[in-house]
Amino acid sequence: MSLADVADDFGVSGAHLARCFRAETGLSVNPFIVQQKIDVEKSLLCNTNRDVREISNAMAFSSPAYFGKVFRWQTSMTPTQFRLTHW
């Protein structure tokens, strides 16, 4: 699903939807989605025994390495470090 798809569903332009979204949340759409994904991933790391690779795939990251990079950028820890400190 893309921003354009959602905007079409609401009958507005993608740019208008993006402006409204940012005004309401303080974030643009992509950083918001990443933040939401990281929150789900944190929960999965803490509450399941799922492998980091499985979580990466489930959250639709292009690769486990990219997942690790984004996770570390958001949390200052690798997924494995996060799991060990929050288990």
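Is the crossing of H3 and H6 left-handed or right-handed? Keep that in mind while we walk through this predicted model; the answer comes at the third stop.

**The whole chain**

Start with everything shown as a cartoon.

Next, colour by pLDDT. The mean for the protein is 92, and 99% of the residues reach 70 or more. Confidence is lowest in helix H1, residues 3-10, with a mean of 89. Helix H2, residues 14-25, has the highest, at 94. A reminder for any model of this kind: where pLDDT is low, the predicted coordinates should not be read in detail.

**First stop: H1 and H2**

Select H1 and H2 together. Their axes come within 8 Å and cross at roughly 95°. The two helices are therefore roughly perpendicular to each other, as the angle lies in the 65 to 115 range. Show side chains for Leu-3, Val-6 and Ala-7 on H1, then for Gly-14, Leu-17 and Ala-18 on H2; these residues make the contact. By class, this set divides into 5 nonpolar, 1 polar and no charged.

**Second stop: Arg-22**

Stay on H2 and pick Arg-22, which has its place in that helix. Leaving aside residues up to four places away in sequence, Arg-22 touches Leu-27 and Ser-28. Then draw a C-alpha to C-alpha distance from Arg-22 to Phe-32: the two are 10 residues apart in sequence and 9.3 Å apart in space.

Now select helix H3, residues 29-47, and helix H6, residues 79-86. Two packed helices are described by the angle between their axes and the distance between the axes. Here the axes come within 9 Å, with a crossing angle of roughly 55°. H3 and H6 are therefore oblique to each other. And the opening question is settled here: the crossing of H3 and H6 is right-handed.

From H3, take Lys-42, Leu-44, Leu-45 and Cys-46; from H6, take Pro-79, Phe-82, Arg-83 and His-86. This contact of H3 with H6 has 5 nonpolar, 1 polar and 2 charged residues.

**Last stop: H5 and H6**

Keep H6 selected and bring in helix H5, residues 64-75. How far apart are the axes of H5 and H6? They lie 9 Å apart, and the helices pack at an angle of about 55°. That angle makes H5 oblique to H6. On the H5 side, the contact involves Phe-67, Gly-68, Phe-71 and Arg-72, and on the H6 side Pro-79, Gln-81 and Phe-82. The contact of H5 with H6 counts 4 nonpolar, 2 polar and 1 charged residues.

Before you close the viewer, highlight Pro-79 and Phe-82 in H6: they take part in the contact with H3 and also in the contact with H5.

Notes
Residues are numbered from 1 along each chain as its sequence is written. This is a predicted model: local features need pLDDT of at least 70, side-chain atom pairs count only at pLDDT 80 or more; totals for chains, interfaces and linings use all residues. Side-chain values use heavy atoms; hydrogens and water are left out. Axes are lines fitted to C-alpha atoms, for helices over the stretch in contact, and angles run from 0 to 180 degrees between N-to-C directions. Helices (H or I, at least four residues) and strands (E, at least two) are DSSP runs, numbered from the N terminus. Angles under 35 degrees count as roughly parallel, over 145 as roughly antiparallel, 65 to 115 as roughly perpendicular and the rest as oblique. A crossing is left-handed if the near helix is turned anticlockwise from the far one by less than a right angle, and right-handed if clockwise. Contact means heavy atoms within 4.5 Å. Ala, Val, Leu, Ile, Met, Phe, Trp, Tyr, Cys and Pro count as nonpolar, Asp, Glu, Lys and Arg as charged, and the others, Gly among them, as polar. pLDDT is the predictor's confidence in each residue, from 0 to 100.
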